[in-house]
Amino acid sequence: EEIDSIIRRMWKKVYDGNPMDLRSSASKFVAKYSDFIYTATEFEIQPMTAAELESTCTSCSHSAHGPDGFEPAEMALLSTAAFGHVVDLLNLIEEGAEWPQGTAIARAAFLEKDPENRGDPMNVRILLILNTLYRRWASARLAALKPWIAGWALQAIYAGAAPQGAEDAWLDLAIDMEDLKLRLISYCGGTIDMAKFFD
């Protein structure tokens, strides 16, 4: 409990951040970078269907159970009728009803980053474990947002939208740097991660 309280106190500074007025800081950020922020018309999704939730629950990985003790694999075993009842609940929540008390609990697990540095309370990676119903709802809603997400999968974006990822960014940067190197143009850039491209 003492170690837990120390870690919570240290990480609270990180999660609280340093802006005195979050709304004002966000407005200033948007004003400053508005030319670089992707904008589009509002995207609407329809109320969730039992088929959407069932598809999500039967295709998602069977990860660890949540604080509710409910295994993700167990949700895949629900009947079509049961999925209908669960979807009725989720649609009511989306309309403004509160999440049931038992589903509003999360647990944080502190995973040690470097075993040689055990005395540092910042030497942990925080893994948030949410309840299974919430995770499956979020996965189903993310699937429904795929057409919207695809709209902002621009060439310069390498995370959060398919088809590009971090390795694509590394490769593109490596090619640019190699091109500069071949043309004998001085450059400054790159990281240790780039080393594998220059072996």
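**Overall build**

Of the 199 residues in this protein, 18% are classed as buried. The model is a predicted one.

Q: What share of the contacts with a separation of 6 or more comes from residues 24 or more positions apart?
A: The contacts counted here are those in the protein with a separation of 6 or more. Within that set, the share from residues 24 or more positions apart is 57%.

Q: How far apart are the mean positions of the positive and negative charges?
A: The protein has 18 positive and 29 negative charges.

Q: Is N131 buried or exposed, and what is its relative accessible area?
A: N131 sits in the loop between β2 (124-129) and α6 (132-144). Beyond its neighbours within four places in sequence, N131 is in contact with G66, P67, D68, T103, A104 and I105. Buried means under 20% relative accessible area. N131 is therefore buried, at 2%.

Q: Which residue has its backbone nitrogen 3.0 Å from a polar atom of the N131 side chain?
A: The side chain of N131 supplies one polar atom of this pair. The other atom, 3.0 Å away, is the backbone nitrogen of L133.

Q: Which residues does L130 contact, leaving aside its neighbours within four places in sequence?
A: L130 is also in the loop between β2 and α6. With a relative accessible area of 26%, L130 is partly exposed. Its C-alpha atom is 6.7 Å from that of R107, 23 residues away along the chain. The contacts of L130 are G66, P67, A106 and R135.

**Helix α6**

Q: Which residues does R141 touch, not counting those up to four places away in sequence?
A: R141 is part of helix α6. R141 has a relative accessible area of 7%, so it is buried. The residues that R141 touches are I45, Q46, P47, M48, E52, N91 and E94.

Q: What separates the C-alpha atoms of A144 and E44?
A: A144 is in helix α6 and is buried, with a relative accessible area of 18%. Leaving aside neighbours within four places in sequence, A144 is in contact with F43 and I45. A144 and E44 are 100 residues apart along the chain, and their C-alpha atoms are separated by 9.6 Å.

**Two exposed residues**

Q: What separates the C-alpha atoms of N18 and A174?
A: N18 is in the loop between α1 (2-16) and α2 (22-33). At 71% relative accessibility, N18 is exposed. N18 and A174 are 156 residues apart along the chain, and their C-alpha atoms are separated by 35 Å.

Q: What is the phi of L184, a residue that is not a glycine?
A: L184 is in the segment after α8 (166-182) and is exposed, with a relative accessible area of 79%. Most residues other than glycine have a negative phi. L184 has a positive one, of about 60°.

Definitions and conventions: Residues are numbered from 1 along each chain as its sequence is written. This is a predicted model: local features need pLDDT of at least 70, side-chain atom pairs count only at pLDDT 80 or more; totals for chains, interfaces and linings use all residues. Side-chain values use heavy atoms; hydrogens and water are left out. Helices (H or I, at least four residues) and strands (E, at least two) are DSSP runs, numbered from the N terminus. Buried means under 20% relative accessible area, exposed over 50%, partly exposed in between (1.4 Å probe, protein chains only). A polar contact is a pair of N or O atoms within 3.5 Å; within protein, one must be able to donate a hydrogen and the other to accept it, and residues adjacent in sequence count only if both atoms are side-chain atoms. Contact means heavy atoms within 4.5 Å. Lys and Arg count as positive and Asp and Glu as negative; His and the chain ends are not counted. The place of a charge is taken as NZ of Lys, CZ of Arg, CG of Asp or CD of Glu.
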